[in-house]
Amino acid sequence: SSDGGSTKLKAYKMMTSPHGIALVISNIKFDKVCGLPYRAGAHVDEKSLQELFGPDCLNYKVVLLKNLTGEQIDLAFRLVSGHEGMTYAALDTEADREVLEDLSSSGNLIAASHDSFVCCLLSHGTLGVVYGTDKGKFALQNIYNYLGPCKHLAGKPKMA
């Protein structure tokens, strides 16, 4: 500090292995009727994020979900955060059930033991919105709406 004393910075404890979930949602191919182009090179971003957040670097469990509609992006965040009212019966389509299976298999949901949560959205979008493969809109505010009340992440960092 300017008065010659030292200032101790507070830091989050990152003690568990892995530290938590790194959810990567990557939309590359969009429905032709949307008019949104193929995201060439997105595979490189996916690989880079998997390496960065993986066990040999930042030590997160990386969950990669590809080519989700707007509703499925919303569903993924509700499921991973343990949002109340989410049941298998609430899923409308086979594709929705596949998202649930991807997230609920092998500990892909946020747990009390996790130190933090990371999410990366790779897609087209506009201010405050990410597009699903059907050009369905996912409002970025929903990330905070779902993760904020997540009891397993209370007092822990949530990075989007």
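Colleague: Why does Asp74 count as buried?
Modeller: This is a predicted model, and the values are computed from it. Asp74 has 15% relative accessibility; buried means under 20%, so Asp74 counts as buried.

Colleague: What makes the contact between Arg78 and Asp74 a salt bridge?
Modeller: The closest N and O atoms of Arg78 and Asp74 are 2.9 Å apart, and the cut-off is within 4 Å. Both residues lie in helix 2, 4 residues apart, which is about one turn of the helix.

Colleague: Why is Arg78 called partly exposed?
Modeller: The relative accessible area of Arg78 is 22%. Buried needs under 20% and exposed needs over 50%, so Arg78 falls in between and is partly exposed.

Colleague: How do you know that helix 2 is mostly covered?
Modeller: Of the 11 residues in helix 2 (residues 70-80), 9 are buried. Among them are Ile73, Leu75 and Phe77.

Colleague: What makes Phe77 and Phe138 a stacked pair?
Modeller: Their ring centres are 5.3 Å apart, with 10° between the planes. Pairing requires centres within 6.5 Å, and stacked requires planes under 30 degrees apart. Phe77 lies in helix 2 and Phe138 in strand 6 (residues 137-139), so the pair ties together parts that are 61 residues apart in sequence. Phe77 and Phe138 are both buried.

Colleague: Why is the pair of Phe53 and Tyr60 edge-to-face?
Modeller: The centres of these two rings lie 5.9 Å apart and the planes are at 85°. Planes over 60 degrees apart count as edge-to-face, so Phe53 and Tyr60 are given that label.

Colleague: What makes Lys66 and Glu46 a salt bridge, and which parts of the chain does the pair link?
Modeller: The N to O distance between Lys66 and Glu46 is 3.3 Å, against a limit of 4 Å. Lys66 is in strand 2 (residues 61-66) and Glu46 in helix 1 (residues 42-53), 20 residues apart. Lys66, at 39% relative accessibility, counts as partly exposed, whereas Glu46, with a relative accessible area of 4%, is buried.

Definitions and conventions: Residues are numbered from 1 along each chain as its sequence is written. This is a predicted model: local features need pLDDT of at least 70, side-chain atom pairs count only at pLDDT 80 or more; totals for chains, interfaces and linings use all residues. Side-chain values use heavy atoms; hydrogens and water are left out. Buried means under 20% relative accessible area, exposed over 50%, partly exposed in between (1.4 Å probe, protein chains only). Helices (H or I, at least four residues) and strands (E, at least two) are DSSP runs, numbered from the N terminus. Rings of Phe, Tyr and Trp (its six-membered ring) pair if their centres lie within 6.5 Å; planes under 30 degrees apart count as stacked, over 60 as edge-to-face and the rest as tilted. A salt bridge is a side-chain nitrogen of Lys or Arg within 4 Å of a carboxyl oxygen of Asp or Glu.
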